[in-house]
Amino acid sequence: MNAIHGISSELSCGVAFSLAGRTCVLRSDSAELRELIRPLVRSDLPSGFTLHVKVDSALQEHTPGRAHFRGLHHLAFALFGDELFVFDMLRSEVHAAVSLRTAGHREFWVNTLFPIALGTLGTTFGVVPLHCACLERGGEALLLAGPSGAGKSTLAVALAKTGFNIVSDDWTYLCQDASELVAHGLDAPVKLLPDAIQYFPELESQSARQSLNGELAYEVSAEVFGAGTRRDSRPSVVLLMRRVEAPGVELRECSPDLVRDYFERSAERLPREMVEAAGTRARVIRSVAELACYSVECGGAPHEVAASISDWWRAKR
Amino acid sequence: MTFTPMPEPPDLMRRHVATPHRAELRFGSVSVKLETNSEQLLDLLRRCSNEEAPASRDSVLCKLIKDSESGAAVKAPQSLRTSELSVVTCGEAVVIAADRRVREVLGFIGEQVTPDVVQNLVIPILCELFAEFAADTSAVGV
């Protein structure tokens with residue numbers, strides 16, 4: 001092989017850590033990476049994926065903000081500059097060759113790589129990524145779904161300011177273990193588009209930067225807004241939101257079919273070969289559609305919309 | 001209240017590109033069932049193969065996508081190897097993986113990669129990956 005970097009990713013040292021209710025394993029020759037996942041160490045959960053990371057001193061750290069993704073059959077590839085990640089759905093494994101600096105870059109692993117790994121491989125071990133925010137209050141959660149640009153993250157932050165805890169603002173990881181549906185979030189930052197600054201003065205001290213999908217966005221910790229967070233919760237309600245021009249909030253019960261259709265069409269198509277994973281996803285989406293489903297048309301300032309939804313939630317409970 | 005129907009699910013990774021151009025070829029002792037979306041790529045590979053050969057149960061499935069959205073810059077090859085996988089990249093322009101357990105070679109080649117580069121760089125990489133299957137017959141039929 002005409003390889004400049006011949007990289008073997010056969011690595012022996014394994015550390016178990018938890019992610020979205022699953023035990024994952026890191027095998028790496030990077031002491032920095034093993035150290036930074038120490039807060040996540042736990043091994044009493046069902047199995048997730050194994051992450052093999054080899055540090056190659058010849059590689060340069062990638063420039064943040066852009067990646068190249070491709071996939072065929074059970075394999076998916078992500079190139080961050082010259083740094084390569086291979087996601088293997090058949091074996092629930094990730095193999096990576098990274099620079100020394102990337103290995104020790106906590107934000108990259110927590111904010112970028114772990115969400116991508118769960119998004120790509122999760123359905124193979126029962127963790128189904130769904131495009132929705134998740135907010136918890138009083139031990140129950142609502143899933144806030146809607147197309148990109150509908151304002152899910154903005155409304156999630158506004159709801160957090162009324163007392164909800166943020167589980168996730170964009171992608172939520174659903175598991176159905178022993179018939180119980182559990183929604184998990186990661187410690188990923190809240191992503192807000194630049195126009196959110198008109199509603200949240202906390203963003204004035206932050207910088208917007210290019211995110212993975214090319215959008216300019218603020219990516220900030222929920223703590224910036226004084227918001228509480230939760231790692232997981234039991235969802236009981238789905239809100240399918242749509243932004244309208246007129247101010248106000250209109251909530252109505254909606255058909256489970258509408259919710260099921262939204263989630264089935266908003267997730268990337270799985271490879272045809274991954275029949276079991278497709279079955280897992282379909283089963284979890286069916287369970288989500290069996291929750292109390294509402295459509296919500298909302299317009300006007302997010303804090304006013306959040307106040308209305310918060311009042312409705314309190315009255316409902 | 002009505003919601004606009006959602007469009008079809010996205011295919012951001014280009015997993016579901018149709019591959020209507022097909023041939024059964026032989027490279028060394030390895031028979032390869034080639035599927036691609038590019039007639040030109042198929043022709044180039046056909047010219048470099050030993051012969052046309054009917055597929056058999058130990059054929060290697062090779063699916064290659066000519067990718068209109070990949071970058072044009074071809075970098076020096078870089079490989080990542082595990083006990084069952086070999087992945088070779090030449091920047092975003094060329095990404096090829098061989099899975100010896102399931103006997104598949106899967107890859108993306110940027111549309112702007114010239115026939116010369118395909119001939120002199122990509123096909124030699126493919127031939128080396130195919131040769132790995134000749135050396136590893138343990139997974140036949142898996």
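Reader: What do the side chains of K75(B) and D82(A) meet in?
Author: A salt bridge, 3.0 Å from N to O. That term means a side-chain nitrogen of Lys or Arg within 4 Å of a carboxyl oxygen of Asp or Glu. This is a predicted model, where local features need pLDDT of at least 70, side-chain atom pairs count only at pLDDT 80 or more, and totals for chains, interfaces and linings use all residues. Residues are numbered from 1 along each chain as its sequence is written, chains are lettered from A and ligands numbered from 1 in the order written, and side-chain values use heavy atoms, with hydrogens and water left out.

Reader: How many salt bridges are there between chain B and chain A?
Author: The count is 4. Over all chains, the whole structure has 24.

Reader: Which residue forms a salt bridge with K54(A)?
Author: D29(A) does, with the closest N and O atoms 3.1 Å apart. K54(A) is in strand β4 (47-55) and D29(A) in the loop between β3 (22-28) and α1 (31-36) of chain A, so the pair ties together parts 25 residues apart in sequence. Helices (H or I, at least four residues) and strands (E, at least two) are DSSP runs, numbered from the N terminus.

Reader: Back to the chains. How many residues are in contact?
Author: 48 of chain B with 54 of chain A. Contact means heavy atoms within 4.5 Å.

Reader: And what area is buried between them?
Author: About 4800 Å², with carbon and sulfur atoms giving 60%. Buried area is the accessible area (1.4 Å probe) that two parts lose on being put together, summed over both.

Reader: New topic. Which strands make the open sheet of 3?
Author: The order is β14-β16-β15 in chain A, with antiparallel pairing. The edge strands, β14 (190-192) and β15 (209-210), each pair on one side only. Two strands pair if DSSP finds at least two bridges between them.

Reader: How many bridges join β14(A) and β16?
Author: They pair over 3 bridges, and β16 covers residues 216-220 of chain A. The partner of V190(A) in β16(A) is V220(A).
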